[in-house]
Amino acid sequence: MRILIVDDEPHNRTLLQHMLKALGECDLAVDGREAVEAFAMAFEDQRPYDLVLLDIMMPEMNGQDALKSIRAFEQEKGLSGNQEAVVFMVSALDTETQVVEAFFKGHCTDYVTKPINRDGLFAKLQEYGTRLGLDQNPLA
Ligand SMILES: [Mg+2]
C-alpha cells in the first residue's frame with residue numbers, strides 16, 4: 001500500500017510516518033499544492049496512493065482545497081467509488097463547518113482529530129481494511 005502524509009508541521013509528518021510505516025511506503029508532502037502534485041504523479045506512474053492523510057491548516061493550499069483537487073483529478077481519470085483513494089482529514093479543527101465541508105463538499109473518506117492517537121487511527125483504518133488491502137489486524 002502507498003501512503004501520502006500531508007502536513008505543514010514536520011513533527012506531525014514524522015509522527016504519522018512512524019505510526020504508518022509498517023503498513024506501507026510513506027511519502028511526505030508539506031502543503032496542499034505539493035500533495036496534489038504528488039497524487040497526480042503517483043497516478044501517472046501507475047503507482048497511485050491508496051491512503052492520503054491530509055492536514056487542513058496549511059500554507060499555499062489548505063487541506064480542504066487539496067481534497068477537492070484530488071477528487072476532481074480522480075473524477076477526470078474516471079475513478080469512482082472504491083477506486084478512489086481513502087482520504088482521511090487529520091485536523092485539530094473539528095468544528096462543524098470544517099467537518100461538513102470535508103465530507104459533503106470535499107468527499108473525504110473519514111476525519112481524524114489531532115492529537116493523533118495510534119489506536120484510534122488504526123481502528124479507523126480497520127474500517128476501510130478491505131479497500132486498503134490490510135491484513136485482519138494491522139495492530140498485531
Ligand atoms: Mg497544519
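Among contacts in the chain between residues at least 6 apart in sequence, what percentage join residues at least 24 apart? The figure is 58%. This is a predicted model. Its secondary structure comes to six helices and five strands. The five strands form an open sheet with parallel pairing.

**Overall shape**

- The chain has 140 residues and a radius of gyration of 14 Å, which agrees with the value near 14 Å for a compact globule.
- Along the principal axes, the C-alpha atoms fill a box of roughly 35 × 35 × 25 Å.
- Of the 140 residues, 27% count as buried.

**Order of elements**

- Read from the N terminus, the elements run β-α-β-α-β-α-β-α-β-α-α.

**The sheet**

- Across the sheet, the strand order is β2-β1-β3-β4-β5.
- Strands β2 (25-29) and β5 (110-113) form the edges, and each pairs on one side only.
- Neighbouring strands are turned by 20° against each other on average, direction ignored.
- Strand β3 (residues 51-54) runs parallel to strand β4 (residues 86-91), and four bridges join them.

**Helices**

- Helix α2 (residues 32-44) lies across β1 (2-6), β2 and β3.
- The direction of α2 is at about 165° to that of β1.
- Helix α4 (residues 96-105) is hardly covered.
- Among the 10 residues of α4, the count of buried residues is one.

**The nonpolar core**

- The largest nonpolar core has 28 residues.
- Leu4, Val6, Val52, Leu53, Leu54 and Val87 touch the most other members of this core.
- Helices and strands both contribute: β1, α1 (10-20), β2, α2, β3, α3 (63-76) and β4 each supply at least two residues.
- Strand β4 gives the most, with five residues.

**A closer look at Val52**

- Which residues is Val52 in contact with, leaving aside its neighbours within four places in sequence?
- They are Leu4, Val6, Phe39, Ile70, Ala85 and Val87.
- Of these contacts, Leu4, Val6 and Val87 are, like Val52 itself, among the core residues that touch the most other members.

Methods
Residues are numbered from 1 along each chain as its sequence is written. This is a predicted model: local features need pLDDT of at least 70, side-chain atom pairs count only at pLDDT 80 or more; totals for chains, interfaces and linings use all residues. Two strands pair if DSSP finds at least two bridges between them. Axes are lines fitted to C-alpha atoms, for helices over the stretch in contact, and angles run from 0 to 180 degrees between N-to-C directions. Two residues are in contact if their C-beta atoms, placed from the backbone, lie within 7 Å. A residue is buried if 20 or more other C-beta atoms lie within 10 Å of its own, exposed if 12 or fewer, and partly exposed in between; C-beta atoms are placed from the backbone. The radius of gyration is taken over C-alpha atoms; the globule rule is 2.2 Å times the number of residues to the power 0.38. A nonpolar core is a set of buried Ala, Val, Leu, Ile, Met, Phe, Trp, Tyr and Cys residues joined through C-beta atoms within 7 Å.
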